Amino acid sequence: MIWHPDWAGVLTGQPLQWIISGFLTTLYVSIAGSVLATLLVVLLIALRLSQSHLAHGAVAAFVSVFRNTPLLVQLLFWYFAAYGALPQSWRFYIGDTHAWAVFPGNIAWLTPEFLCAAWGLGLFTAAFLVEEVQAGLNSVPKGQTEAAISQGFSRKTLLLSILLPQALTNAWQPITGQYLNLMKLSSLATGIGFSELTYQVSQIESYNAHAFEGFAVGTLLYLALGMILGGLMTVLGPKRPQQRPQVAQKAEVNDGV
């Protein structure tokens, strides 16, 4: 008996609708988690650069907790423990249907699964991103900080205009990797019943046993999404200043510049 893949069993009808829904859900939760992680990193870096020992301890505790525990355990905690501890009126409101809380493609975002997945992914990724940004800050020569302070720059201007642009440039590649990891790790949210791409592909396997075709399409979609997001971050990210030609530099040296 020769096995032949049946792509029509995945790319038509109900299975196709599941795949489209799962892909859009993965895209939206990745964007929501990335925005949350970015905001948290700004807050954590500001706390770390402050003079408060309490703030330094809070950042260290945050990084230690969320970086050293499995993401799946964190997602299960937010969904089954933290969400269940919310006031009952809140849970009823979130669990209700809201016409305004729907993304394009008919993807509802005000649901326990979406909120817990985006929240868990954002916190987990922020714990890694803050260390990547800190590594970029450490790579900036201390002389620039001393020169800026001697010129009367405020700490806010020093951070936003001098340190952070150079730190992001130096650490942009590992930062991009963390955002791509967030997108890929969203597949773990299937553990809380979140209907993202992996969940929907698994549903196809149960529906018509087209496991190979379903997971092949799912893998290609993850690959395409990762390449597109990575390409956008490379294009839109900070660029290193182009080095001047060595001939021009030698001419300046010879002229005593």
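In the predicted model, the buried residues of helix α11 are Glu213, Gly214, Val217, Gly218, Tyr222, Leu225, Gly226, Gly230 and Met233. An α-helix has 3.6 residues a turn, so residues three or four places apart point the same way. Helix α11 itself covers residues 211-236 and contains 26 residues. From its first C-alpha to its last, α11 reaches 37 Å, close to the 38 Å expected at 1.5 Å a residue.

An unreviewed UniProt entry lists residues 20-47, 59-81 and 215-236 under "transmembrane region". Over residues 215-236, the model is 100% helix and 0% strand, with the end C-alpha atoms 31 Å apart. For residues 59-81, the corresponding values are 87% helix and 0% strand, and the end C-alpha atoms lie 23 Å apart.

Gln74 lies in helix α4, which spans residues 71-82. Gln74 counts as buried because its relative accessibility is 6%, under the 20% cut-off. When residues up to four places away in sequence are not counted, Gln74 touches Val65, Phe66, Thr69, Gly120 and Phe124. Gln134 belongs to helix α6, residues 112-138. With a relative accessibility of 15%, Gln134 also counts as buried. Apart from neighbours within four places in sequence, Gln134 is in contact with Ile45 and Arg48.

Aromatic side chains were considered next. A pair of aromatic rings is described by the distance of the centres and the angle of the planes. The count comes to 12 aromatic pairs. One of them joins Trp18 and Tyr207, whose ring centres are 5.1 Å apart. The planes of these two rings stand at 80°, so the pair is edge-to-face, the angle being over 60 degrees. This pair links distant parts of the chain, with Trp18 in helix α2 and Tyr207 in helix α10, 189 residues apart. Trp18 is buried, at a relative accessible area of 17%.

The rings of Phe103 and Trp109 have centres 6.3 Å apart and planes at 35°, and the pair is therefore tilted. Phe103 is partly exposed, at 29% relative accessibility, and Trp109 is partly exposed at 25%. Both residues are members of one aromatic cluster, which is formed by Tyr28, Trp100, Phe103, Trp109, Phe114 and Phe194.

Methods
Residues are numbered from 1 along each chain as its sequence is written. This is a predicted model: local features need pLDDT of at least 70, side-chain atom pairs count only at pLDDT 80 or more; totals for chains, interfaces and linings use all residues. Side-chain values use heavy atoms; hydrogens and water are left out. UniProt positions are given in the numbering used here, feature names are shortened, and annotations may be inferred rather than shown by experiment. Helices (H or I, at least four residues) and strands (E, at least two) are DSSP runs, numbered from the N terminus. The expected span of a helix is 1.5 Å times one less than its number of residues. Buried means under 20% relative accessible area, exposed over 50%, partly exposed in between (1.4 Å probe, protein chains only). Contact means heavy atoms within 4.5 Å. Rings of Phe, Tyr and Trp (its six-membered ring) pair if their centres lie within 6.5 Å; planes under 30 degrees apart count as stacked, over 60 as edge-to-face and the rest as tilted.
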